[in-house]
Amino acid sequence: MKSSELFDIAKTLIPGGVSSPVRAIKPYPFYTKRANGSRIYTEDGDELIDCCMGYGPLLLGHCHPVVKAAIEEQATNGWLYGTPTEKEIELAKIIACDHPSIDMCRFVSSGSEATMAAIRLARGYTNKKDIIKVEGGFHGAHDGVLIQAGSGALTMGVPDSAGVIPDVVSHTMQVPYNDIESLEEILSKNKDIAAFILEPVMGNVGPVLPEKDYLKEVRKITAENDVLLIMDEVICGYRVGIGGAQVMYDIKPDITTLGKIAGGGLPMGIFAGRKEIMELVAPAGPVYQAGTFSGNPLSVSAGIAALRYIHENSGLYDKLDGFTKEIEDYLPERYRNSFVRLGSMFKLYFRDSPPSNYVEAKQSDTEKFGKFWKGMLKEGIFLPPSQFETNFVSAAHTTGDIEKISEAYCKCL
Ligand code: PMP
């Protein structure tokens, strides 16, 4: 059946026809039949070069043979035990070795679950109530952070959600990204702040990059104010390099959240940190957290396989950085200034200069973006369907793919 027909049926059975809002492309989304390497094959018979990559988890591309073999091997031995497995220890060891800030990890099933638990843990540890987040920062779809969120919520123009009780978000404050003074001001006025949660690089607004020393200053002043720093590396983790943005920018957060790549493309979330904090998590301590699918053997096996492969082929980060540089260099000069990239993450903003925060990103011409996006799809390139979602290239992309992407950019611009 064609995508348009499938969408008509889906809308009668699934709200908006989709399982996550950003997928509701107008007038209808294409339906995917299968994917391999850098390609998606649609129900309409199209072959697309994928620059969405499942919104980030597929650093190695679709159906990577090493990850696939690990999933198949695990599947033959069962996929859910409700007991601990040795593989959880192995994955925790890899993650702890890669991140100097991490001694212990707790596995959950999504990035949202990880940030929700991380915030609860920060409150449990500090005995304080409030949290600060960055304006436009997205940390998943749970109540306490669904306030002027980025990602799908920003795209849909509904920064707040119905059903979120004002009392809940009244404990969530916001500061603009790249603005140390605002953070200092809030910290000086409010002494009941448990944590500052931020994406080190704002992956859900584009990407927006940290200005020089911003993250170092954030670390310094949160520590001075006894406020825990939660770095949400659900996108950046293993994306910008082994050890994520915290290793790249040399910052030690108190709590880290991971997901996406660390699960090899299967559902995964991780909250992690130093022992003294993590040992407050149940059953070791009083901060409750639990999940039927937490640490499930399929996700854990896929994660181990992906991370091992990344360690053995760490040159892939330079290759991917070269790819996005190539796309940038190919652009007509007047667009280069608003093309933002970091390693395998990239985005062209439809505005004159790269944004430094959410408000500036929102000044992008989304109508132009929409036309451009459609043009790219016609050229066989699938970009995330939002000005505010980061594009990704993967280890499965080839130089030929990059040439096609670059040529399509020029043509559509
Ligand atoms: N944090 C960040 C930084 C994210 O980008 C996302 C998802 N895009 C989440 C948390 C939520 O993760 P999940 O969709 O796996 O719940």
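**Close-ups of a predicted model**

**View 1. Arginine 39 and its partner across the strands.** Arginine 39 has isoleucine 49, in strand 3, as its bridge partner. This is a predicted model, so to speak a calculated picture throughout. Strand 2 (residues 39-42) and strand 3 (residues 47-50) run antiparallel, and 3 bridges hold the pair together.

View 2. Zoom out a bit and you'll find 4 strands in an open sheet, ordered 1-2-3-13, with mixed pairing. Strand 1 (32-36) and strand 13 (381-382) sit at the edges; each has a single partner strand, so one side of each has no neighbour in the sheet.

View 3. Lysine 26 and proline 27 are joined by a cis peptide bond, with omega at about -5 degrees. Look for proline 27 in the loop between helix 1 (3-13) and strand 1. The other cis bond runs from alanine 282 to proline 283, with omega near 5 degrees. Proline 283 belongs to the loop between helix 10 (275-278) and helix 11 (297-312).

**View 4. Tyrosine 55, a non-glycine with positive phi.** Here phi is about 65 degrees, though tyrosine 55 isn't a glycine. Tyrosine 55 lies in the loop that links strand 3 to helix 2 (65-76). It counts as buried because it has 20 C-beta neighbours inside 10 Å.

**View 5. Aspartate 213, also with positive phi.** Aspartate 213 isn't a glycine either, yet its phi is about 70 degrees. You'll spot aspartate 213 in the loop between strand 7 (193-198) and helix 8 (214-224). With 11 other C-beta atoms within 10 Å, aspartate 213 is exposed.

Technical notes:
Residues are numbered from 1 along each chain as its sequence is written. This is a predicted model: local features need pLDDT of at least 70, side-chain atom pairs count only at pLDDT 80 or more; totals for chains, interfaces and linings use all residues. Two strands pair if DSSP finds at least two bridges between them. Helices (H or I, at least four residues) and strands (E, at least two) are DSSP runs, numbered from the N terminus. A residue is buried if 20 or more other C-beta atoms lie within 10 Å of its own, exposed if 12 or fewer, and partly exposed in between; C-beta atoms are placed from the backbone.
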